[in-house]
Structure formats: structure tokens, C-alpha cells
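Here is a note for a colleague who is opening this structure for the first time. The points below may be read with the model at hand.

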Amino acid sequence: MENLDSAAATLPKKRGRKPGSKNKVKSKRTSKKVSYLSAFSILEQEILSLSNAVKKATAKAEKEIEKLEKKQFREIEKVKAKAAKSLALWKARAKANLKKGKTTTGRRGRPAKPKAEKEAVRRGRPPKAGYRKGGGRRKAGELTKRDIILNYVKEINQPIATGALILALYERSGERDKKRFSQGMYTTLTQMYKAGLLVKDNGIVSLPA
């Protein structure tokens, strides 16, 4: 027996669990892997929720933009229809005014000017009073540039850019020299701003409040 005990004492001790032991040892590596996986899972869920939120916001923004575009299109169509109606009315009135008191036609199918008896006047330069700046006496009932501009702004009843205003009036006038027409209109508009008949703000013309 003594020999057996001395032999057992000399043998190295074995590490680990004894045979038949049911105790389980948790591995630190396994626990770290589990924590990493849970963190990645949470991060993935957050990214997914953020992506869904971005998609919803994008879809909502697209719907709003589409609504605004439709509304703007409807407003533009209303303005076009109103302008076309005003143009037709203006042309009809102009034709009616030309037909009054004119029985014969002149060159190119235009109505001839009515012949009126002229009083004998002194020859030379005509007096300035009662004459237009462009030359010649204004006809009775003929609208001035100021009247034409003011009537058009009242017809559309909304602010309009200076260039668009002059272009619309040029298309109505039937004039051929656009440059000369535009210069005259710009001069008249400047006078109307000074007189307070119209208001100009950053190139936009409107009626005074």
C-alpha cells in the first residue's frame, strides 16, 4: 500500500473535469460572440427602420411635389384662358371702333380715314399742345399707351413681369417694329411709376394697393 501511495504522489495531476462530471463551464469566447451578434442584429434593425422611414418620407415628398405641379398647371391654364378671352374681346372692340364712321377702304384693305373739313391754319411746325410725342394729333377716342397698359394690367388682375407685359401688348398691337414699340412702352411705364398709377418691384408690375 505504501508503494501505491508513493507512486500516486509522484504522478502529475490532470487538469480539467473529472470523468463523469456534469458541471458545464461557460466559454468567454462564446459569450463575446453572442454579444457581438446581438449588437449587429440591433444595428441591422435600426438601419432597416431608418431606410423605411427614408422611403416613406421620399414617397410623401413626391406626392406633395406632384400636387403642387398640378395646382400650378391649373393656375397657368386659367391665366391663359383669361388672357385669350381678353385678347378676343380687345380685338372685337378694336374692329368695332375702326368700322365707326368709315365707309370706304384704303390700301391693303384697311379702312380709309374719314374726310373732315380742315380749317385754314398757318403753315409751319404745328403747336405742341394736343399732339403726341411720336408726331401727329391723337384721334378722338383713341387709347393712349398709358390707357392700353393700365387696361391690360386691370384685365389680368395680377402682377406680371415687365418683359411679359410689353410682349403681350406688342402681340396685340399688330406693330412691326418691336424695338421701337418696346422703347415707347418702357418710357410710358416709367412715367406711370412716377405718377403712382403702377408699382414696380424687382421687375414685377402690379396695381397699387
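**Notes on the predicted model**

1. In the largest nonpolar core, which has 17 residues, Ile 149, Tyr 152, Leu 165, Leu 169 and Leu 198 touch the most other members. Helix 3, helix 4 and helix 5 (178-195) are the elements that give two or more residues to this core. A nonpolar core is here a set of buried Ala, Val, Leu, Ile, Met, Phe, Trp, Tyr and Cys residues joined through side-chain atoms within 4.5 Å, and buried means under 20% relative accessible area, exposed over 50%, and partly exposed in between (1.4 Å probe, protein chains only).

2. This is a predicted model, in which local features need pLDDT of at least 70 and side-chain atom pairs count only at pLDDT 80 or more, while totals for chains, interfaces and linings use all residues. Residues are numbered from 1 along each chain as its sequence is written, and side-chain values use heavy atoms, with hydrogens and water left out.

3. The protein chain contains five helices and three strands, and from the N terminus on its elements run α-α-α-β-α-α-β-β. Helices (H or I, at least four residues) and strands (E, at least two) are DSSP runs, numbered from the N terminus. Of the 209 residues of the protein chain, 11% count as buried. The chain exposes about 19,300 Å², of which carbon and sulfur atoms supply 56%; accessible areas come from the Shrake-Rupley method with a 1.4 Å probe, and for residues only the protein chains shown count as cover.

4. Leu 198, one of the core residues named above, deserves a separate look. Leaving aside its neighbours within four places in sequence, Leu 198 is in contact (heavy atoms within 4.5 Å) with Ile 149, Leu 150, Val 153, Leu 189, Met 192, Tyr 193, Val 205, Ser 206, Leu 207 and Pro 208.

5. Three strands form an open sheet in the order 1-3-2, with antiparallel pairing. Strand 1 (160-161) and strand 2 (199-201) stand at the edges, each with a single partner strand, so one side of each is left without a neighbour in the sheet. Strand 2 pairs with strand 3 (residues 204-206) in the antiparallel sense over three bridges, where two strands are said to pair if DSSP finds at least two bridges between them. Lys 200 stands opposite Val 205 in strand 3.

6. How many salt bridges does the structure hold? There are two, a salt bridge being a side-chain nitrogen of Lys or Arg within 4 Å of a carboxyl oxygen of Asp or Glu. One joins the side chains of Glu 155 and Arg 172 (3.2 Å, N to O), and this pair links distant parts of the chain, with Glu 155 in helix 3 (residues 145-156) and Arg 172 in helix 4 (residues 162-173), 17 residues apart. Glu 155 is partly exposed, at a relative accessible area of 24%, whereas Arg 172 counts as buried because its relative accessibility is 10%.

7. In the other salt bridge, the side chains of Glu 66 and Lys 70 meet (3.6 Å, N to O). These two residues are four residues apart in helix 2, and therefore about one helical turn separates Glu 66 from Lys 70. Glu 66 is partly exposed, with a relative accessible area of 42%, and Lys 70 is partly exposed as well, with 47%.
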